[in-house]
Amino acid sequence: MVLRRVDSTETGASPVDGSDDDRFSFERFARHPFFKEVNAWLVSRVGLRKDSCVVDLACGPGAVTELILQHLDESVPGAYVYAVDPSPSALELARQRIRSRIVRFVQGSAEHLGGLVPPVDTVVFTNAIHLIADKFTALEQVFRTLRPGGTLGFNTTFFNGAYPDGTMRFYKLWVLRAMRWLQEKGHTVTRGVKATAMQWLTPAEYSDLLRSVGFDAPAIELQTKDMTKESLEDIGSFSLFIEGALPGVPLELGAEALRLGVRQAFAELNLSSLPRNWLQVVVRRPALPATP
Ligand SMILES: C[S@@+](CC[C@H](N)C(=O)[O-])C[C@H]1O[C@@H](n2cnc3c(N)ncnc32)[C@H](O)[C@@H]1O
């Protein structure tokens, strides 16, 4: 299954193709309490201080930027957040949501981060690394952006290990039901096997990748969250998810098909919720050796 690249310019600052539309934003999914919990947990583990200088990479509509701001003190010199995302509409939503003089919104992509922001203490990178084809370059850019001793925290629920035992059949049925509905409406669909995302790594592969870039050994944790039917319907309305699950299907139609598909799969499998694993990773750029 293929997800289109979202950037094509030198800074990666071009709009996210035709999908740059509020109706298909990530915002609805980001409001679910379990989602806030996984992100709040990560943000609480990256060692933020009142005066930290932070990048919120792939900030989307700004839910995590808000969590970061809770740890900083606007009145302390040095406290600052660069909220970076390639999507103009996501940045616009984030701007409307966050009014803080210590936040600057920057349009651009992870693969070009070093040229977009100055060196920082911390990079928080939630729910986006799976969308990036060239993860080595993105992580290398994060490494360059971090001051020596700085911390990266990232998470994703699109990795090898995300599906607790017995839950894979839901995802297969979901996409099958969505495709059946589209076909009934006269649309041809090429089968997308995994519902979303480009390249799924195992936790061990993430660990190896981080080490190859130069990071210390990461602290890795899996957390299981129960996803409600409504939350799955909401992720099914997110543009990048639709493009991954139903490649080539217009977003409006794809969102409708995925909503119906969730409802049918929940009913057929008699589910009340669905457990799903999040991968939480915290890792440090090594500090400089002490000078004698
Ligand atoms: C699922 S949202 C996550 C938003 C936010 N971090 C959160 O957890 O609520 C993924 C975001 O990644 C952004 N994104 C996609 N490709 C990216 C890239 N190459 N570099 C940085 N961000 C990217 C998208 O525009 C989108 O806003």
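Start by selecting Tyr171 and Trp174: both sit in helix H6 (residues 168-184), three residues apart, or about one turn of the helix. Keep in mind that this is a predicted model. Both Tyr171 and Trp174 are buried.

Now widen the selection to Phe158, Tyr163, Phe170, Trp200, Phe241 and Phe266; ring pairs link these with Tyr171 and Trp174 into a cluster. Searching the whole structure turns up 19 aromatic pairs. For one of them, jump to Phe29 and Phe34, an edge-to-face pair with 5.8 Å centre to centre and 70° between the planes. Phe29 counts as buried because its relative accessibility is 4%, and Phe34 is buried too, at 8%.

Next stop, the ligand. Show its surroundings and you get 20 residues, the closest being Ala58, Asp85, Ala110, Thr126 and Asn127. By class, that shell has twelve nonpolar, six polar and two charged residues. Zoom in on Ala58, where a backbone N or O atom lies 2.6 Å from a ligand nitrogen. Then pick Asp85: an N or O atom in its side chain is 2.6 Å from a ligand oxygen. Over at Asn127, a side-chain N or O atom is 2.9 Å from an oxygen atom of the ligand. Taken alone, the ligand exposes 590 Å², and the protein buries 97% of that.

Finally, select Ser109, in the loop between strand E3 (103-107) and strand E4 (120-126). Ser109 is buried, with a relative accessible area of 4%.

Key
Residues are numbered from 1 along each chain as its sequence is written. This is a predicted model: local features need pLDDT of at least 70, side-chain atom pairs count only at pLDDT 80 or more; totals for chains, interfaces and linings use all residues. Side-chain values use heavy atoms; hydrogens and water are left out. A residue is near a molecule or strand if one of its heavy atoms lies within 4 Å of it. A polar contact is a pair of N or O atoms within 3.5 Å; within protein, one must be able to donate a hydrogen and the other to accept it, and residues adjacent in sequence count only if both atoms are side-chain atoms. Accessible areas come from the Shrake-Rupley method with a 1.4 Å probe; for residues, only the protein chains shown count as cover. Ala, Val, Leu, Ile, Met, Phe, Trp, Tyr, Cys and Pro count as nonpolar, Asp, Glu, Lys and Arg as charged, and the others, Gly among them, as polar. Helices (H or I, at least four residues) and strands (E, at least two) are DSSP runs, numbered from the N terminus. Buried means under 20% relative accessible area, exposed over 50%, partly exposed in between (1.4 Å probe, protein chains only). Rings of Phe, Tyr and Trp (its six-membered ring) pair if their centres lie within 6.5 Å; planes under 30 degrees apart count as stacked, over 60 as edge-to-face and the rest as tilted.
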